[in-house]
Amino acid sequence: MYKIVSIPGDGIGPEVVAGAVAVLKQLSRKHDFEIEIEEHPFGGASYDLHGEMLTHATLEACRKCDAVLLGAVGGPKWEKLAHEHKPEAALLKIRKELELFANLRPAKVYDALLGASSLKADVVRCTDFLVFRELTGGIYFGQPRGFDENKGWNTMVYERYEVERIARLAFESARKRDKKVISIDKANVLEVSQFWRNVVHEVHKDFQDIELSDMYVDNAAMQIVRNPKQFDVIVTGNLFGDILSDIAGMITGSLGMLPSASIGIKHALYEPIHGSAPDIAGQNKANPIATIASVAMMFDYSFSLPEIATEIYQAIEAALASGLRTADIANPGESAVSTTVMTEAIVRHLGA
Ligand code: NAD
Ligand code: IPM
Ligand code: MN
């Protein structure tokens with residue numbers, strides 16, 4: 001039995017999580033395993049109900065389950081709250097409390113979507129890289145932080161153990177891929193980045209079969225767009241990983257395509273890389289694929305059932321190959337289907 005806590009959150013969160021839950025239920029029927037899904041409020045939705053973005057009950061449920069499925073949080077309704085009370089702060093808190101230090105963001109291009117990218121098909125064809133974004137350190141968490149009328153400040157800090165553990169995971173993963181890691185930093189300017197680079201190279205001594213190179217983050221942003229195929233595994237800090245993975249999203253056609261797994265020692269949480277998309281929320285227009293593919297990552301990483309992950313990816317591919325497109329991946333003039341129609345097609349392709 002798999003015990004999953006779902007926290008749909010805000011904006012399109014509930015719409016895309018409903019798609020992922022439909023996929024989970026179909027898999028449970030098909031393979032005859034039991035999946036218990038317990039839904040909890042989170043983010044703005046939780047604030048509106050309980051006056052708190054992350055309640056003790058939601059956090060405890062996340063601690064006790066086998067895997068967490070998250071939609072997205074945030075939106076204009078809660079933007080004016082003080083920083084520490086925003087939905088985004090609750091997301092950082094849940095990551096920190098569950099010690100989800102590694103955020104894996106795979107950028108893989110589906111053949112059916114070659115025409116959906118804003119880049120030329122020849123540039124993006126066969127792109128397949130995996131970003132290891134450090135998720136519980138760096139400038140997102142460093143102290144001091146704050147602002148007053150005349151000044152704003154944040155602090156980027158990395159401890160040795162934080163760099164070591166994410167670098168190790170990235171090298172281990174590269175062993176099962178093309179054995180190439182690129183570490184991305186800003187060591188030409190930032191001391192914290194020079195430290196990052198030094199530690200990554202120390203860890204590399206245990207992984208001599210893996211090719212390691214360094215790249216400055218500004219160049220990396222350009223290289224991902226110029227020639228995304230040169231990347232296999234990327235390892236980088238929290239802020240750089242956030243920015244570079246949105247760029248990677250557009251390689252695949254849309255932010256609505258990129259799943260992620262946030263992994264720690266004891267817990268794991270699966271979430272699309274996109275946000276709550278207030279501009280299309282509540283309209284049944286959102287692309288559910290990033291969230292459904294996050295379920296595939298759940299089967300792969302949390303349940304050690306890569307064959308089920310493959311089934312999910314194949315069902316997504318089949319739905320795309322049949323020509324279905326949500327608005328974000330439709331070409332101009334092409335008609336678009338709703339979140340629910342895309343979900344139903346993927347569920348159908350999973351088979352019974
Ligand atoms: P966003 O990712 O929500 O949206 C950016 C653009 O991409 C929008 O035009 C949106 O319509 C589109 N988009 C995103 N996901 C899509 C999908 N599945 N299908 C179709 N189109 C999609 O980023 P934003 O607008 O900068 O942020 C909106 C809110 O979401 C903010 O409050 C932000 O803090 C929050 N946010 C939350 C998360 C998270 O919960 N993990 C991630 C990013 C942003
Ligand atoms: C993401 C988001 C979050 C981040 C925000 C909403 C806190 O952009 O998951 O990529 O910056 O990590
Ligand atoms: Mn982001």
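Two residues are in contact here when heavy atoms of theirs lie within 4.5 Å. Keep that in mind as we walk through this predicted model. Take the contacts in the protein chain between residues at least 6 apart in sequence: 74% of them join residues at least 24 apart. In other words, those contacts link parts of the chain that are at least 24 positions from each other in sequence.

Now for the overall build. The protein chain has 12 helices and 12 strands. Its radius of gyration is 20 Å, close to the 20 Å that the globule rule gives for 352 residues, so the chain is as compact as a globular protein of that length.

What about inside and outside? Of the 352 residues, 54% count as buried. The accessible surface of the chain comes to about 15,500 Å², and carbon and sulfur atoms own 52% of that.

Let's zoom in on a couple of helices. Helix H4 covers residues 87–97, and its buried residues are Pro87, Ala90, Leu91, Leu92, Ile94 and Arg95. Is Ala121 buried, partly exposed or exposed? With a relative accessible area of 27%, Ala121 is partly exposed, because that value falls between the 20% limit for buried and the 50% limit for exposed. For a sense of distance, pick Ala121 and Val347: they are 226 residues apart along the chain, and their C-alpha atoms are separated by 28 Å.

Finally, let's visit ligand 1. Which residues come nearest to it? Of the 21 residues around ligand 1, the nearest are Glu88, Gly275, Ala277, Asp279 and Asn287. Sorted by class, the shell has 10 nonpolar, 7 polar and 4 charged residues.

Some polar atoms in the protein pair up with atoms of the ligand. A polar backbone atom of Gly275 is 2.7 Å from an oxygen atom of ligand 1. Val73 also uses its backbone: one of its N or O atoms lies 2.9 Å from an oxygen atom of the ligand. Glu271, on the other hand, brings in its side chain, with a polar atom 3.4 Å from a nitrogen atom of ligand 1. How much of the ligand does the protein cover? On its own, ligand 1 has 810 Å² of accessible area, and the protein covers 69% of that.

Notes
Residues are numbered from 1 along each chain as its sequence is written. Chains are lettered from A and ligands numbered from 1 in the order in which they are written. This is a predicted model: local features need pLDDT of at least 70, side-chain atom pairs count only at pLDDT 80 or more; totals for chains, interfaces and linings use all residues. Side-chain values use heavy atoms; hydrogens and water are left out. A residue is near a molecule or strand if one of its heavy atoms lies within 4 Å of it. A polar contact is a pair of N or O atoms within 3.5 Å; within protein, one must be able to donate a hydrogen and the other to accept it, and residues adjacent in sequence count only if both atoms are side-chain atoms. Accessible areas come from the Shrake-Rupley method with a 1.4 Å probe; for residues, only the protein chains shown count as cover. Ala, Val, Leu, Ile, Met, Phe, Trp, Tyr, Cys and Pro count as nonpolar, Asp, Glu, Lys and Arg as charged, and the others, Gly among them, as polar. Helices (H or I, at least four residues) and strands (E, at least two) are DSSP runs, numbered from the N terminus. The radius of gyration is taken over C-alpha atoms; the globule rule is 2.2 Å times the number of residues to the power 0.38. Buried means under 20% relative accessible area, exposed over 50%, partly exposed in between (1.4 Å probe, protein chains only).
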